Amino acid sequence: MEYTGSSYVGEYKNGRMEGHGKYTLPTDTIYEGGMKDGLFHGQGTLYFPNGSKYEAFWKNGVKLSGKYIFADGLKYSDEDWNYCDAYDRRFYTEICNGLKPAGRSQLTDLDPPRTIPEGCYDCGDGFYNPEERIVYDYNNKFLRNADDDENEWIIRTCRKGWDEITGFKPKSRKEPVQEPF
């Protein structure tokens, strides 16, 4: 598969990307590393717009080994994953830097959390505007239209860009209260 995108800075051989170079994909993801015959080859890193990266070793466009590193520096591991599990729900930045004082909750792994426009939801890779049913990146660039399933999931689970006061909700009793005799 030959990659086509917005730009390549590096060597060309027979009209194909060759050697070490820097390639920017249309999604603003940047690949920096080895190329051979127009394909990722050798050591190379994909830098994603959200600040995360994927460091890998490639052979003719196929990943042989690699590791994903989140924007906050946390390295993903499909084995021995000990981050945000049932026993320790802290964010990675809280593990590295300690917990905030009482009353100063950390809502996201970003400190401070991103400001969400009123009426929108933070869906992880950007903001969702339910009136337009569009997801924008954090720089207000169009990412995608949300289908019905994504719309429902975002509204049900994602952080809102406004305060919603719910008030006190007493627990319902399963058994009727018996009066003492």
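**Ground rules.** I worked on a predicted model, where local features need pLDDT of at least 70, side-chain atom pairs count only at pLDDT 80 or more, and totals for chains, interfaces and linings use all residues. Residues are numbered from 1 along each chain as its sequence is written, and side-chain values use heavy atoms, with hydrogens and water left out.

**Entry 1: fold.** I looked up the secondary structure and found 2 helices and 11 strands. Both are DSSP runs numbered from the N terminus (helices H or I, at least four residues; strands E, at least two). Along the sequence I read β-β-β-β-β-β-α-β-β-β-β-α-β. I also looked up burial: 27% of the 181 residues count as buried (under 20% relative accessible area; exposed is over 50%, partly exposed in between; 1.4 Å probe, protein chains only).

**Entry 2: sheet.** I followed an open sheet of 5 strands, ordered S10-S9-S8-S7-S11 with antiparallel pairing. Pairing here requires at least two DSSP bridges between two strands. Strand S10 (142-145) and strand S11 (159-160) are the edge strands, each pairing on one side only. Strand S9 (residues 134-136) joins S10 in the antiparallel sense through 3 bridges. I noted Arg-144 in S10 as the bridge partner of Val-135.

**Entry 3: cysteines.** I searched for disulfides (cysteine sulfur atoms within 2.5 Å) and the count came to 0. Cys-123 is in no disulfide, and its nearest cysteine sulfur, that of Cys-158, is 5.9 Å away. Cys-158 is likewise in no disulfide. Cys-123 is buried, with a relative accessible area of 13%, and Cys-158 counts as buried at 12%.

**Entry 4: second largest pocket.** I looked up the second largest pocket, which holds about 460 Å³ of space. A pocket is an open set of points on a 1 Å grid over the protein atoms alone, where a 1.4 Å probe fits, with protein on both sides within 12 Å along at least five of seven lines; lining residues have an atom within 4 Å of a point. The volume is the space filled by probe spheres set on the points, which are joined across faces, edges and corners. I listed 16 lining residues, with Pro-49, Asn-50, Asp-125, Asp-137 and Leu-143 closest to the centre. By class I have 6 nonpolar, 5 polar and 5 charged residues in the lining (nonpolar: Ala, Val, Leu, Ile, Met, Phe, Trp, Tyr, Cys and Pro; charged: Asp, Glu, Lys and Arg; polar: the others, Gly among them). The pocket lies between domain 1 (7-69) and domain 2 (114-160), because both give residues to its lining. The domain bounds come from an automatic or database domain assignment.
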